[in-house]
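Subject: Structure handed over, with notes

Hello,

Here is the structure you will be working with. Please look through it first, then read the notes below.

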Amino acid sequence: MASYYYLMAQLPSIMPHADPPLSYAQFKELALRFLTEKDAAVLETLTLVPPREAVHTASAVVNEWYAFEQELRFALEQMRASKLKREERITPAETPASAFDIGAIVRGVSNIDDPLAAERYLLNARLAAADQLRKLHFFDSEAVFGYGIVLLLSERASKFKMETGRTEYHSIYTQILGEKI
């Protein structure tokens, strides 16, 4: 396993609930200068939305992240189907169970009526999971991938702007009203 001390030492800290200190594209451009070919291949495919089918990468952190995210998405689908009283059963992809309490996350978000608050709740759960996964990694490839996951989450969170959402809502609402008249 390669040591990436110099890379990790120069990356800025990502503060929760603050705009990311650099974009994921900037991070990726910097990281690819230091990574081995095998690690670069993992970073190139890193995403917040894992494939629906189980995937195995060369990174334990990325594999665990994908398992967590797949299990969370499946549980959220089940909860939404249940709320809509749909009888079809959604079958998950063959993924190993994550070490996180997905049931508690889904129960917590199911009681939130405000979509923005629900997204923030899920974001905090995802950040907690990502922090847990990268906990014991500091200067190896797993630390690089963990940083990438947290940066992607932070970038996503920076797009949760209430005023932008309200403007978009009013635009869609006006468009719907215009079509009905």
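Leaving aside neighbours within four places in sequence, which residues is tryptophan 65 in contact with? They are Thr47, Leu48, Arg126, Ala129, Ala130, Leu133, Ile149 and Leu153. Contact here means heavy atoms within 4.5 Å.

Some background on the numbers. This is a predicted model, in which local features need pLDDT of at least 70 and side-chain atom pairs count only at pLDDT 80 or more, while totals for chains, interfaces and linings use all residues. Residues are numbered from 1 along each chain as its sequence is written, and side-chain values use heavy atoms, with hydrogens and water left out.

Overall layout

The protein chain has 8 helices and 0 strands. Helices (H or I, at least four residues) and strands (E, at least two) are DSSP runs, numbered from the N terminus. The C-alpha trace spans about 60 × 35 × 25 Å along its principal axes. Of the 181 residues, 39% count as buried; buried means under 20% relative accessible area, exposed over 50%, and partly exposed in between, with a 1.4 Å probe and protein chains only. Among contacts between residues at least 6 apart in sequence, 67% join residues at least 24 apart.

In soluble globular proteins, nonpolar side chains tend to be buried together. The largest nonpolar core in this model has 49 residues, and Phe27 and Trp65 have the most contacts inside it. At least two residues of this core come from each of α1 (5–10), α2 (24–31), α3 (37–45), α4, α5 (102–110), α6 and α7. Such a core is a set of buried Ala, Val, Leu, Ile, Met, Phe, Trp, Tyr and Cys residues joined through side-chain atoms within 4.5 Å.

Helices α4 and α7

Helix α4 (residues 60–83) packs with α7 at an angle of about 35°, and their axes are 8 Å apart. The axes are lines fitted to C-alpha atoms, for helices over the stretch in contact, and angles run from 0 to 180 degrees between N-to-C directions. On the α4 side the contact is made by Ala60, Val61, Val62 and Trp65; on the α7 side, by Glu142, Phe145, Gly146, Ile149 and Leu153. By class that is 7 nonpolar, 1 polar and 1 charged residues. Ala, Val, Leu, Ile, Met, Phe, Trp, Tyr, Cys and Pro count as nonpolar, Asp, Glu, Lys and Arg as charged, and the others, Gly among them, as polar.

Alanine 75 also lies in helix α4. Alanine 75 counts as buried because its relative accessibility is 18%. Not counting residues up to four places away in sequence, alanine 75 touches Ile102 and Val106.

The largest pocket

About 330 Å³ of space lies in the largest pocket. A pocket is an open set of points on a 1 Å grid over the protein atoms alone, where a 1.4 Å probe fits, with protein on both sides within 12 Å along at least five of seven lines; lining residues have an atom within 4 Å of a point. Of the 18 lining residues, the closest to the centre are Pro16, His17, Ala18, Leu127 and Ala157. The largest share of the lining, 5 residues, comes from α7.

Histidine 17 sits in the loop between α1 and α2. Histidine 17 is exposed, with a relative accessible area of 70%. Most residues other than glycine have a negative phi, but histidine 17 has a positive one, near 60°.

Regards

Terms used: Points joined across faces, edges and corners; volume = space filled by probe spheres on them.
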